[in-house]
Amino acid sequence: MGEQTQTQTQTQTQTQAQLHHDATATATASAAVASQPLTTAAGLGNAPPQNPSPSAKLPFRPRKIRKVSPDASDGKSTQNGAAGSHRTATKNKIVPHRAPPPTRIVARSLSCEGEIDIALRHLRNSDPQLARLISLHQPPSFDAFHTPFLALTKSILYQQLAYKAGTSIYTRFVALCGGEAGVLPETVLALTPHQLRQIGVSGRKASYLHDLARKYQSGILSDSSIVEMDDKSLFTMLTMVNGIGSWSVHMFMIFSLHRPDVLPVGDLGVRKGVQFLNGLEELPRPSQMEQLCEKWRPYRSVASWYLWRFVEAKGAPSSATAVAAVASLQQQHQEEQHQQQQQQQPQLIDPINSILNLGACAWGQ
C-alpha cells in the first residue's frame, strides 16, 4: 500500500515537472519571437526564433516588408538636357513627362454664326498691327452662297472681263440655261460653242465650261465632294479643270465656300497688303507670304479680306482693278500662246495677275 502511494506521488511530481517545462519552453519561444527585430534588407522577411520548442506555436504570421525605392519616394525628377523633357522614376521605369500641347483652334465655315467674331478676336490677339487695321473697318460678311457648279461657271465667264461686261454675259448665259437653277452640267454640255459665242462667250471659255461640265458628268467632281474636300485636295482637283487656276480656286474657296484659312499668295492685293503692313521695300514672294502670315492661322481668309481693304484705303489698285487695266494688253498675247499651252499642259494655270471678277464682286460686299 505504501509503495503504491509512493509511486503515485512520483508520477504526479513528474507530470507537474513536465507541465512546468512545457510552459517555460512556450514562454521562452514567445519572448524570442517578440524580441526578434524586423529585417528590412531587400528580399528578407522576419527571421524565425532560434531553436523553438516542438510544441511552441507562433502567435502571428510574420509580414513581408516591401522595399521602398528612395528614387520613387523622393518625388524628384531629372531633366534630359538634349530633349528638354522631364523624366520621373516609377517602379524602375523612366517615364517621360511632357507639357501638354497648346490648344489648337478648329475653325468652322465663316458663314457659321459667331465665327467672324471668333476670327477677329484671334487675329487681334495674334497680330497688333492687324488689330489696328481691324478697328478701322466694319467686319466682313460671308452670307452669299451659290452651288459650287454655278459659282465655278460664273468664275469662268467673268475671266478677263470688266465687271459690267462680265455681268452682261453672265445674265445672258443664265437666261440661255433657263435661270440659275438650270445651270447644271447636262445643260451646259447641251449648249454648242456657236450658241455660246452668240451671247459673247469666246470659244476658249466655251471649252472651259464644257470641260468643267464633263468632269461633273463623269463623277470626277460633284457639288457634295467639293464641299466635303479638305483645302489641299480641293485645290488639286479644281486646278485640273481647264481655265481654273490657283488664284481662281483661292477666290472660290473664300467667297463661295467661305473657307476660313485660305491665303491667296498670288493675289496682288494681298501681297501689297502684307508689304504695307510689314514695311517691306518689295512685294513678298509666295514663300515669304506663308512665313509672314503664319500667325493668322486658322483665319487667313479673314485677314486677307482686311488686307484688300487696307490696300484700297491707301489708294493702291486692288487685284481686280489692276488686272482689268492690263487685261486688254494681255489678251492678245494669251490668245497667241493658248494653242501651245494646251499642247504642253492639260490644264491652264492662271497667271498671278489673272482676273476673276467673282473676287471683285465679293470685295464690294
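1. Gln 160 first: is this residue buried or exposed? With 14% relative accessibility, Gln 160 counts as buried (buried means under 20% relative accessible area, exposed over 50% and partly exposed in between, with a 1.4 Å probe and protein chains only). Gln 160 has a phi near 65°, which is positive in a residue other than glycine. Gln 160 sits in the loop between helix 5 (148–158) and helix 6 (163–177); helices here are DSSP runs of H or I with at least four residues, numbered from the N terminus.

2. A word on the source: this is a predicted model, where local features need pLDDT of at least 70, side-chain atom pairs count only at pLDDT 80 or more, and totals for chains, interfaces and linings use all residues. Residues are numbered from 1 along each chain as its sequence is written, and side-chain values use heavy atoms, leaving out hydrogens and water.

3. His 258 also deserves a look. Its phi is positive, about 60°, although His 258 is not a glycine. His 258 is buried at a relative accessible area of 4%, in the loop between helix 12 (246–255) and helix 13 (268–278).

4. Check the peptide bond from Arg 297 to Pro 298 as well: it is cis, with omega near 0°. Pro 298 belongs to the loop between helix 14 (286–292) and helix 15 (300–313).

5. Then the helix contact. Which residues of helix 12 meet helix 15? Met 251, Ile 254 and Phe 255 in helix 12 meet Ser 301, Trp 305 and Trp 308 in helix 15 (contact means heavy atoms within 4.5 Å).

How values were computed
Helix = DSSP H or I, 4+ residues; strand = E, 2+ residues; numbered from the N terminus.
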